[in-house]
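Take a slow look at the chain before reading on. The paragraphs below go from the whole fold down to single residues.

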Amino acid sequence: MKENSAVYKFFIFSIIIIFIFSACSNTSKPTINPTLPEPEPGFNDRNGYNDIKDTLPDDEEENDSKQEKENDKGNKDTVISVGFSFENVISGLKNDSLGYPVAADQDKDGYIYILDIYSTNGLVKIFDYQGRYISKGVPLPSPKSQPVDMVVDDDGYVYLADMGEKAVLKYDGNELVEKIQLEENFHPRSLAFDIQGNLLVLSFDRVYVISTEGKFISSFGQQGEGDGELGAVGSEFYIGPSGIDVDSKGHIFVADTLNYRIQQFDPKGEFIKAYTFGQKVAPQDIAIDGNGIISVLTTSGVLMWLDSDGTLIDSSDLNVSLADGGYLSIARGTGDVLFIVVPEKHQVRVFSQGTHVYSIQGGSDEGFIHPNNLEIFGDRILVLASDPFSPNELNNRVIVYNTDGRFLWDIVPGYRNSWFLSPKAAAFQNDSLYLLDLDMISVFDRKGNFINSFGGSGSGPGDLGVFDNYGLKQGPSSIIAFVEDSLIISDTFNNRIQIISINGKYLHDFSVDLPGDIALGENDSIYVVLPRQGRIEKYSLEGNKVLEFGKPGLGEGEFLVSTSDGLSYGPEGIAVDRDRGLVYVSDTEAHRIQVFNYKGEFICSFGTFGVEQGFFHPSGLCLDDEGFLWLVDSSNHRVVKLRVDIKYQTPLS
């Protein structure tokens, strides 16, 4: 995955915080209509999964994502139009399931709003007071978006603290009505309302008071350890105070995490007093109920209740910590209701009068996050989910669906305590499945029963290269089947393409600089994606380079390459349509698919960033027997089946 993803920031944040603390042991209905449950894409209650076309308006069925493209290349056929439509969607998470919740709030009618950053096509899910799913809304605004907190006002408007956008975003249903940005170094981390109904925004070492229309009113706070000062360090990642709330008298409370205390301010921002909890007890978030009871959630996963004087009333160990999920949050609901958000457990725990009543539970044995590749065999779709930056039980999974999107079974490795380490690609040969998992190739039958495995890390013949990126190991990128009982492997960190037998015996290799995904082309040629160079190369089976095309950029036939902390990300997936002579490439960072002919000449491109009919980091590609293009829409946590329609006009000789 990409370093601009929200979960990656959370992960880095957790590592830094763990390091720092390693020595520590309204009567309006919500405008997202809550009256009827929203149908899941491709799902109904009668018989499981339907084609997603049934859920789309007629004009979207017929003209979905139509894009007119001009591309006159002289002697080459001229593309006069490109159209694509979504024929089916396999979502990694069901609508009523939570993937990675980070915040919760409750309106005056009792509806519970949950900010779930893994939710497809709608970040905010609404549940009734009994925890039953109602609907969802608020689309992800941009690829750089990193929402971390959320509140709902009396009129049903939803406000997101978005650290990626460096803004507070105000939504009316799915419509963005206000983008509040105060200054270049605005880092909204936590939100609350004061007793006047104004928005309180905790940003690094300051608290901003802003009207709900986005007008600046006042601010207070500065970096430091003294009274009224807030502990904050770092520049690239947010490390500072992490929670804010207001009591019935208008007093403002801030969880001053790095200074191991809660600070109380009057409504004008003047310091009143500080609450400390002993040696190295760091508050992560805070909530104050109508009786003035202060609920404090610590970084070690302890929930404490204090009276208004700061005296400890009671505490409870929630058996979670930053080490489990990288993030915890707390929010007050109506009356004495309290919400504890535990992302890694896919869970929002509901408390009343200090007692755990129920949980809005997420996660699923049938779900996945961050899919990166897929393989098709007959009427089965094999989905591989693998992201080294997401330590999550929904990650590093291999799941089998039918082509209608119905879950069939998941595949479990026959070693390493039944957990995959980094499943990257799969190939079918002689009715067996060969699955590439870091430095091992596991063999299964068509029903997913484990047969054996072979491989191992190293740089010798038949070995597979592994790169240790500060404890996050990455290995080969791709595997494809070839004739005569052989397999072709993109051995990325050994800078080569290897050909081995189906028993793991080394046969041949040739050098390629950090190869990515590979595909078999015409005349047994091998197409190789070079993500870091923004280029595609084509080789003969003997290893002779016969063609290269593409370069970094955003133009036609160019691939966007982004760099962060010395790591480069570029095109990721490739598929060859040998019937039509077309090569499809995922221009991952540009959120589009580009199409070339066998000569490497640009034909067309389609797609743009989007969470409904667009793409968000498209990755693996595969063509089925009917000519449909299947695409892994990685950061949208789904797999989509596309009908691609390219119309040509052949120029006269």
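**Buried charges and their surroundings**

Both Glu537 and Arg535 are buried, where buried means under 20% relative accessible area, exposed means over 50%, and partly exposed lies in between (1.4 Å probe, protein chains only). The two form a salt bridge, with their closest N and O atoms 2.8 Å apart. A salt bridge is a side-chain nitrogen of Lys or Arg within 4 Å of a carboxyl oxygen of Asp or Glu. Arg535 and Glu537 also belong to a network of salt bridges with Lys545 and Glu548.

A word on the model itself. It is predicted, so local features need pLDDT of at least 70 and side-chain atom pairs count only at pLDDT 80 or more, while totals for chains, interfaces and linings use all residues. Residues are numbered from 1 along each chain as its sequence is written, and side-chain values use heavy atoms, with hydrogens and water left out.

Now step back to the whole chain. It has three helices and 54 strands. These are DSSP runs numbered from the N terminus: helices are H or I with at least four residues, strands are E with at least two. Of the 653 residues, 60% count as buried. The chain exposes about 26000 Å², and carbon and sulfur atoms supply 44% of that area. Accessible areas come from the Shrake-Rupley method with a 1.4 Å probe; for residues, only the protein chains shown count as cover.

Return to the charges. Side chains of opposite charge can pair when their charged atoms come close. The structure holds 19 salt bridges. One of them joins Lys538 and Glu522 at 2.5 Å, N to O. Lys538 lies in strand β44 (residues 535-539) and Glu522 in the loop between β42 (518-520) and β43 (526-530), so the pair ties together parts that are 16 residues apart in sequence. Lys538 and Glu522 are both buried. Asp587 and Arg592 form another salt bridge, with the closest N and O atoms 2.7 Å apart. Asp587 and Arg592 are buried too.

Arg638 belongs to strand β54 (residues 638-649). Arg638 is buried, at a relative accessible area of 4%. Its side chain reaches the backbone oxygen of Glu612 at 3.2 Å.

Finally, look at the nonpolar residues. A nonpolar core is a set of buried Ala, Val, Leu, Ile, Met, Phe, Trp, Tyr and Cys residues joined through side-chain atoms within 4.5 Å. The largest one has 29 residues, of which Val168, Val201, Ile244, Ile252 and Val254 touch the most other members. Strands β6 (147-152), β7 (158-162), β10 (188-193), β11 (199-203), β12 (206-210), β16 (243-246) and β17 (252-256) each supply at least two residues of this core. A second, separate core of 26 residues includes Tyr111, Leu115, Ile117 and Val138.

Note on methods: A polar contact is a pair of N or O atoms within 3.5 Å; within protein, one must be able to donate a hydrogen and the other to accept it, and residues adjacent in sequence count only if both atoms are side-chain atoms.
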